[in-house]
Amino acid sequence: MKLDRITPLLAMAAMVSCGGPKSPQDVLTVNDRKIDKIIAQMTLEEKVEMLHSKTNMSSEGVPRLGIQDIKYADGPFGIREEGVPNGFQSAGWVTDSATYFPTGSALAATWSEELAHMYGKGMGKEARVRGKDVILGPAINIQRLPVGGRTYEYLSEDPFLAARLAANYVKGVQEEGTAACIKHFALNNQETNRGSVNVIADERVMREIYLKPFEAAVKEGGAWAVMPAYNKVNGYYCSENEHLLNEILRGEWGFKGITVSDWGGTHSTMGAALHGLDVQMTGDTYLGPALIDSVKTGAVPESVVDAKVKELLRLRFTVEAIPEDECNLATASQPESRKTAYEVASKSIVLLKNSNDFLPVSKEAKKIAVIGLNATLNTQSGGMGAGVKSVYEVTPLQGLQNRAPEGMEIVYAPAYRNFMGRYGRNARNAAKTIDEAVDPKLLEEALEAAKGAEAVFFFCGTNKSIETEGSDRTDIKLPVSQEEIIKEIYAVNKNIVSVIISGGPCDLQVVEKYSKALVQGWWNGLEGGNALADVLYGNIAPSGKLPFTFPVALEDSPAFALGNFPQKEEIQGDLFGNQYRQDIGGQRRANIRRSPDAHYSEGIFVGYRWFETKNVPVMYAFGHGLSYVFFEYGQPKANKDSYKMGETIKVSFDIRNTGSMEADEVAQLYVRWPESRIERPFKELKAFKRVTVAAGATSKVTLEIPVSELRHWDEALNTWALERGPVSLMLGGASDDIREIIDIEIR
C-alpha cells in the first residue's frame, strides 16, 4: 500500500492560503481522514504493536498495510552511530559517521537563533541520510544545578534564552523532514536519582521557568515528538502525568504529535495508557500484551488506543520513510553541516578575562607552550550519554598547530592523567582518583615546555566521564590537581592563558589568579580546535556569552544554599545504566521503588535571578563575555511610553565598534518591575540579538518584546496575568553590564 504524503512545508503553505495562519502543529493533521480509515482496518493487536519498541531504536509500523516502522536516532549534537538491534553497543558499520556539532551549552553560548536554526537543519539532513525519522533531541531542560551531569547537553539557566534556541533548533530539524523529539519533559534537572526523584514545584515555577522552552518548541517550533522524563513531578511519573501530558501539552499547547518514553521510563499500563504516553521504550511490559488485556476487559477503552495510533500515523505520514536501499550509502556527515559546526564553535568561545589585552597572542611569538591533557582529548563520545562517531575531530592542539604562523614553535606536555572513573576501568595510564596528586615526571615535562615560551596555553577543565548522563558531579572543582599544576607553571612562566574545556561551570578562583587570560572553550564539535585557534591567534574576535552563571562557590547557588540538593536519600545505581549500560557501569539490574523528594523551594529564583536578587557575588555573570574590541551603546529609545496587552515594545539603539577588527556583540535587554506587587527577580532577560559590527562602524539595532512576554503565572486564577505599572528596560552586554536604562509603563 503506497502512502500519498504532503510534505510539511507544502502542507503549511496550503493551510495558510486556505484560511490564514495556522498552528505549526496542524501540519500533522492534514492526513487525518485517511488515517481514520486506516485505523478502522486494523486489529487491536496491530494497534498495540505500534505502542512499544520493535528494536532498541524503532517502533512498529503496520506491515500488512505497507506502513513502515518509525526509526529513532539518538542526538542531540550528532546522529549517533548504528547500534546492535537490542543494545547501545556499536554495530560496526563504516557508513554511520556523522558531524559532531558543538554540545548544547556551546550552542547556547552563541546566543544566536540563526545558528540554532542552521544547527537543527544540519542534524535533520544527516538523520535523513541515515534513514532516521526522529531525532531524540534537542535536550532543553533548564540548567538548575552547576554540577548537573547533562549541563553540557542543555541550553541555559534562563528560560527565555533556552526557548528561543529550542524553537529555532526544532524548526531547522523539521524543515529537513525529520521529526524533533524534545526532551526531557519536564523538570529533569538532575541526574542523581533521576529514575525515581519526585520534583515538588508550584505551578508558577513550572510555567515561568521549566516549561517555557518546551512551550516554545511546541507552539512556535512545531515539535512533532516529545519525550517524557524519567522523574516524577508532584507525585506522578512524567510518562503518566495527566497534568503535563494531557492538560498542558495536548490541551493548552495543542500538541498533535507523539510522546515517547525515555528508555526504561515507563512504569505502568493503566497510568501510561490513560495519562498521555504513546510509545513505551523499550520492551512491551506495559504497552503490550497487558494493554490488550486491559482493553478486552474494559479497563481501557479502545478509543484510547486509537488516539495513540492516530498520533503515530500522523508522524509516519508527515515524515517520509526512507527505503533501506536509499539510505546509509555514504558517510552521513555533510559539508554544510561541518561549516555550521565551525560557525557555532567559533561564536561560542567565551573570553572570560583578558588582562592588559594579553590575547590575542602575538603572531610574532617564536614559542608557544600547550600544557594539559585536555588539549588532546577527543570529546565526541565518553561517559554514559549520547555520543557521535565523528568523521574527524580537530583537538585544540591540532587546531593551534593547523593555524600557527610560519616560524612559530609549539611544544606540548600533558601535565596530568585522564580521570575516567567507572568508564575507564581498563584504560591505561588513567588517573586512579579524581583528585590524583601531581605526577613529578609529568610536571617536570610541563615546566620544561613552559620555560621560555611567549605564551603558555594551560588546558584545564573536565571530561565526558566526569560530566556525564546518569550522575551529577559532587563539586565543580578542577580535577587531577590542575590547580597545583598551574601554580608550578606560574613559577617558571607568568604568561599563562587558561583554556577551560568543559560542558558546565568550573571553580576558577585559583586559575583566575594565575592567568593573564581565561577562555571557556566548551566541547566544541569536530571543528572545535580550529575555531579555538582562530580566536587565540586573533583571526576572529571572541564573541560567546555565558548561558549560565559561574558561582564563586557551589554553596552560593540556590539549590545548594537552601539545602535542596543533594537529597538525603540516594538510590544505588541509575535507572538507565542498570537496565541498558551494564557494559559501561557494571551495575546490576535494580528494582527502584523509593522516590526521594526534590523541593524547588528557590522558586523562580534560578541562576542569575537568585544571585542578583539575593545580592550574592559571582565569579562570572550570566551573559558575560569579552571581546578584542569595545562596544559603545547609544541611548536607547522605545517606540512608545506606555503599552497594553497585544502590543509590542520596540527598543532601538546604536552599537559602535571602537576597535580595529570586525566583531560580534550580543545585545541583551532585561526588564525590572520596580513597584511590583508580586514576588519577582531583580531583573529578567526578555530580548537579545547577536550583531556583527565592522571595525569603527556603527550598527542600528532594534529589540522587540511582545507585552504578552511580560505576563506572570497567577496561581489564584490559574492563568497568565499582566501586571500594570512601571517597567525599567535595562540594556547591556551582560546581566552585570547594564549600559542604559529607560522606563516605560504597562497599562
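The side chains of D133 and R128 meet in a salt bridge, with N and O 3.0 Å apart; a salt bridge here is a side-chain nitrogen of Lys or Arg within 4 Å of a carboxyl oxygen of Asp or Glu. Both D133 and R128 are buried, where buried means under 20% relative accessible area, exposed means over 50%, and partly exposed lies in between (1.4 Å probe, protein chains only). The model is predicted, so local features need pLDDT of at least 70 and side-chain atom pairs count only at pLDDT 80 or more, while totals for chains, interfaces and linings use all residues. Residues are numbered from 1 along each chain as its sequence is written, and side-chain values use heavy atoms, with hydrogens and water left out.

A search of the whole structure finds 53 salt bridges. One of them joins E469 to R194, with the closest N and O atoms 2.9 Å apart. This pair links distant parts of the chain, 275 residues apart: E469 sits in the loop between β14 (455–461) and α16 (482–492), and R194 in the loop between β5 (179–185) and β6 (198–200). Helices (H or I, at least four residues) and strands (E, at least two) are DSSP runs, numbered from the N terminus. E469 counts as buried because its relative accessibility is 7%, and R194 counts as buried because its value is 0%. E469 and R194 also belong to a network of salt bridges that links them with R150, E153, E191 and D574.

Another salt bridge brings together the side chains of D36 and K310, at 3.1 Å from N to O. Here too the pair links distant parts of the chain, with D36 in helix α2 (residues 32–41) and K310 in helix α12 (residues 302–318), 274 residues apart. With a relative accessibility of 38%, D36 counts as partly exposed.

Helix packing can be followed in α5 (residues 113–129) and α13 (residues 335–348), which pack at an angle of about 150 degrees with their axes 9 Å apart. Axes are lines fitted to C-alpha atoms, for helices over the stretch in contact, and angles run from 0 to 180 degrees between N-to-C directions. On the α5 side, L115, M118, Y119, G122, K125 and E126 meet E336, S337, T340, E343, V344 and K347 of α13, contact being heavy atoms within 4.5 Å. By class, the contact of α5 with α13 has 4 nonpolar, 3 polar and 5 charged residues; Ala, Val, Leu, Ile, Met, Phe, Trp, Tyr, Cys and Pro count as nonpolar, Asp, Glu, Lys and Arg as charged, and the others, Gly among them, as polar.

How many residues of α7 are buried? In α7, 8 of the 8 residues are buried, so the helix is largely enclosed by the rest of the structure. These buried residues are E203, R204, V205, M206, R207, E208, I209 and Y210. At the start of α7, a side-chain oxygen of D202 reaches to within 3.3 Å of the backbone nitrogen of R204. R207, placed in α7 (residues 203–210), is buried with a relative accessible area of 4%. Leaving aside neighbours within four places in sequence, R207 is in contact with K212, H243, I248, E252, W713 and W720.

T613 lies in helix α22 (residues 608–613) and, at 31% relative accessibility, counts as partly exposed. The side chain of T613 reaches the backbone oxygen of R609 at 2.6 Å, and a polar atom of that side chain lies 2.9 Å from the backbone nitrogen of F682. Not counting residues up to four places away in sequence, T613 touches F605, Y608, R680, P681 and F682. The C-alpha atoms of T613 and G177, 436 residues apart along the chain, are separated by 44 Å.

Two further buried positions complete the account. G104 is placed in helix α4 (residues 104–109) and counts as buried at 6% relative accessibility. Beyond residues up to four places away in sequence, G104 touches Y152, E153, Y154 and L155. S557 lies in the loop between β17 (550–551) and α19 (558–561), and its relative accessibility of 2% makes it count as buried. With residues up to four places away in sequence not counted, S557 touches P146, W610 and F611.

Terms used: Polar contact = N/O pair within 3.5 Å; in protein donor to acceptor, adjacent residues only side chain to side chain.
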